Amino acid sequence: MIRQLAALGRSGLAFSARLGRANLLMLGMLAGVPAMLRRPRLLLEQLFSVGVLTVLIIAVSGVFVGMVLGLQGYYILSRFGAEATLGVMVAASLVRELGPVVTALLFAGRAGSALSAEIGLMKSTEQLSGLEMMAVNPQHRVLTPRLIAGILSMPLLAAMFSMLGVYGGWFVGVGLLGVDDGTYWAQMQSQIDWNEDILNGVIKSVVFGVVCTWIAIFQGYDCVPTSEGVSRATTRTVVHSSLAVLGLDFVLTALMFN
Amino acid sequence: MNHAAAPNDTLVRIRGLTFNRGSRVIFDGVDIDIPRGGVTAIMGPSGTGKTTLLKLIGGQLRPDAGTIEVDGLNVHELSTRELYELRMRMGMLFQTGALLTDLSVFDNVAYPLREHTRLNASMIRKLVLMKLEAVGLRGARRLMPGELSGGMARRVAMARAIALDPMMIMYDEPFTGQDPISMGVLVQLIRRLNDAAGVSSIVVSHDVQETLSIADLVYVISGGKVIESGAPDQLRSSEGASTRQFIGGLPDGPVPFHYPSAGLTADLFGDGA
Ligand SMILES: Nc1ncnc2c1ncn2[C@@H]1O[C@H](COP(=O)(O)OP(=O)(O)OP(=O)(O)O)[C@@H](O)[C@H]1O
Ligand SMILES: [Mg+2]
């Protein structure tokens with residue numbers, strides 16, 4: 001009994017310590033932003049490897065999710081004779097929910113795990129220590145550009161996901177099932193609200209961008225510097241990011257609906 | 001503990017250094033003086049904490065007790081900025097090389113120059129090629145770290161460590177994985193760098209003969225203590241049983257060196273220090 005309590009206390013302490021380290025790391029990385037702005041190349045390189053390399057999986061998934069939405073939406077809406085609103089349904093579900101959430105989940109799997117593994121390996125091969133001994137702050141030099149790249153990439157990727165999804169829904173609804181082309185777009189234009197739908201979606205994806213990248217970088221930076229430690233960090237990144245995204249999505253949605 | 005240099009000639013002064021890893025005591029009240037302008041060797045069996053000592057000197061680890069002064073500055077009381085300024089004057093060759101894997105050999109050596117100087121590209125190129133020439137790898141400058149052998153990677157790391165012409169260079173196992181020829185070249189290189197520019201060098205190594213041949217002062221560490229120190233000749237004629245064993249070319253042989261027990265440590269003390 002006492003032992004179990006002690007174990008509980010210990011894991012609680014370990015958790016708090018980890019949380020503290022994660023926060024310190026965030027502060028450390030933010031302190032590196034001015035230095036990074038003086039070397040935009042570092043950011044560009046990371047935008048490429050974090051953002052651009054994730055485009056393909058996001059694009060393909062976006063199209064398919066949109067096509068499925070088109071099919072399912074048509075199936076339900078046609079029962080009420082409301083096929084004309086198919087465009088609204090597809091666009092709203094993508095922009096408000098699926099775009100940010102699915103993008104974040106895919107991002108955690110593709111870019112987040114890669115970030116953790118890369119940083120973890122740099123740690124275990126002493127590259128980070130090496131930078132420190134060369135009087136280069138590895139947090140500023142290595143981590144900050146990755147964090148900013150992740151935060152910038154996520155909303156753009158989510159926007160792309162939603163856009164391609166809308167085209168996917170259009171292809172199925174208009175192209176295959178015979179919904180009127182003009183209606184599909186016109187309804188969408190008149191019903192989707194800038195603040196209510198689009199802005200809220202963007203806010204979500206920015207939040208997810210911060211959280212997913214932060215988790216990925218922290219797991220890599222805080223890992224046990226061995227092969228096993230790196231592989232565990234990678235797994236934890238995907239698990240923690242996915243849970244955080246789904247949990248935060250509920251919280252944010254509830255807040256936005258008020 | 002003879003041979004301690006006069007205070008103002010001491011570049012690194014370590015007093016009462018105590019350091020633990022978890023419940024394991026790595027250092028237990030160690031005093032070391034590293035004289036300015038000489039080659040100081042730190043020797044000792046695998047796992048005694050030689051790498052740890054270098055990291056403590058470089059300010060990457062904090063001691064549990066005791067002080068480390070480098071060039072009159074207490075390393076662990078400096079602000080981050082001051083610590084980084086101090087590190088610019090220190091070069092360190094990591095045991096593992098620690099090259100940046102996404103940069104070529106050339107860019108790795110150029111890294112500290114690009115980071116800390118305002119030299120133009122052609123000047124940096126000349127400097128990098130000179131440093132690479134010194135370690136015999138000018139021809140390998142386009143290779144990536146993944147394409148190097150272990151010994152080559154270490155020599156590149158060495159070129160990087162000396163790129164900024166630091167006042168003090170710490171070499172962690174510079175000779176490991178080198179063939180006899182490059183070993184000889186490296187031994188001479190360390191000595192030459194040391195003498196030419198008034199650099200101070202700390203060499204951590206298991207290679208007894210090579211190390212004794214270039215060192216001015218040797219510290220033998222074992223079981224968290226300095227068990228012997230002095231000039232190479234003094235060590236060669238040392239009466240201490242463990243020192244004799246170590247110098248005699250059995251660095252990884254005898255059990256006492258690998259698993260120092262309390263009784264044995266006391267024993268070693270009686271003989272050595
Ligand atoms: N990150 C760490 N966490 C816990 N213990 C460590 C860590 N790094 C090193 N140690 C322990 O500290 C001791 C000293 O390690 P260190 O790397 O300084 O040895 P060393 O003298 O350089 O050995 P070698 O000659 O093999 O390089 C070792 O026994 C090791 O088990
Ligand atoms: Mg070592």
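Let's start with a contact inside chain A: Glu97(A) forms a salt bridge with Lys204(A), and their closest N and O atoms are 2.8 Å apart. Glu97(A) sits in helix α5, residues 86-124, while Lys204(A) sits in helix α9, residues 194-221, so this pair ties together parts of chain A that are 107 residues apart in sequence. Before I go on, please keep in mind that this is a predicted model.

How covered are the two partners? Lys204(A) is buried, because its relative accessibility is 2% and the limit for buried is under 20%. Glu97(A), at 26%, counts as partly exposed.

How many salt bridges does a search of the whole structure find? Over all chains, there are 20. I'd like to show you two others.

One of them crosses between chains. Glu115(B) pairs with Arg39(A) in a salt bridge, with 3.4 Å between the closest N and O atoms. Glu115(B) belongs to helix α3 of chain B, residues 105-116, and Arg39(A) to the loop between α2 (33-37) and α3 (40-51) of chain A, so the pair joins two chains. On the chain B side, Glu115(B) is buried, with 18% relative accessibility. On the chain A side, Arg39(A) is partly exposed at 33%. Arg141(A) comes in here too: a network of salt bridges links Arg39(A), Arg141(A) and Glu115(B).

The other one stays within a single helix. Asp195(B) and Arg191(B) form a salt bridge whose closest N and O atoms are 3.0 Å apart. Both residues lie in helix α6 of chain B, residues 180-196, and they are 4 residues apart, about one turn of the helix. Asp195(B) is partly exposed, with a relative accessible area of 48%, and Arg191(B) is also partly exposed, at 22%.

Which residues touch the most other members of the largest nonpolar core? That core has 49 residues, and the ones with the most such contacts are Met29(A), Phe107(A), Leu131(A), Leu143(A), Tyr184(A), Phe208(A) and Ile217(A). Helix α5(A) supplies the largest share of this core, 12 residues. If you click on Phe107(A) and ignore its neighbours within four places in sequence, you'll find Phe107(A) in contact with Val50(A), Gly112(A), Gly150(A), Met154(A), Leu157(A), Cys212(A) and Thr213(A). Apart from this core lies another, of 38 residues, including Val70(B), Phe94(B), Met167(B) and Ile221(B).

Which protein atoms are donors to the magnesium ion, ligand 2? They are OG1 of Thr51(B) and OE1 of Gln95(B), lying 1.9 to 2.2 Å from the ion. Thr51(B) is in helix α1 of chain B, residues 50-57, and Gln95(B) is in the loop between β6 (90-93) and α3 of chain B, so the pair ties together parts 44 residues apart in sequence. Thr51(B) is partly exposed at 23% relative accessibility, and so is Gln95(B), with 31%.

Last stop, the outside of chain A. Met1(A), Ile2(A), Leu5(A) and Leu8(A) make a nonpolar surface patch of about 510 Å². Take Leu8(A) as an example: this residue lies in helix α1 of chain A, residues 2-31. Is Leu8(A) buried or exposed? Leu8(A) is exposed, because its relative accessible area is 59% and exposed means over 50%.

Methods:
Residues are numbered from 1 along each chain as its sequence is written. Chains are lettered from A and ligands numbered from 1 in the order in which they are written. This is a predicted model: local features need pLDDT of at least 70, side-chain atom pairs count only at pLDDT 80 or more; totals for chains, interfaces and linings use all residues. Side-chain values use heavy atoms; hydrogens and water are left out. Patches are made of residues with over 30% relative accessible area and no salt bridge: like charges are joined within 9 Å, nonpolar side chains (Val, Leu, Ile, Met, Phe, Trp, Tyr) within 5 Å. Accessible areas come from the Shrake-Rupley method with a 1.4 Å probe; for residues, only the protein chains shown count as cover. A salt bridge is a side-chain nitrogen of Lys or Arg within 4 Å of a carboxyl oxygen of Asp or Glu. Buried means under 20% relative accessible area, exposed over 50%, partly exposed in between (1.4 Å probe, protein chains only). A nonpolar core is a set of buried Ala, Val, Leu, Ile, Met, Phe, Trp, Tyr and Cys residues joined through side-chain atoms within 4.5 Å. Contact means heavy atoms within 4.5 Å. Donors are N, O and S atoms within 2.8 Å of the metal (3.2 Å for Na, K and Ca); water is not among the atoms, so sites may look incomplete.
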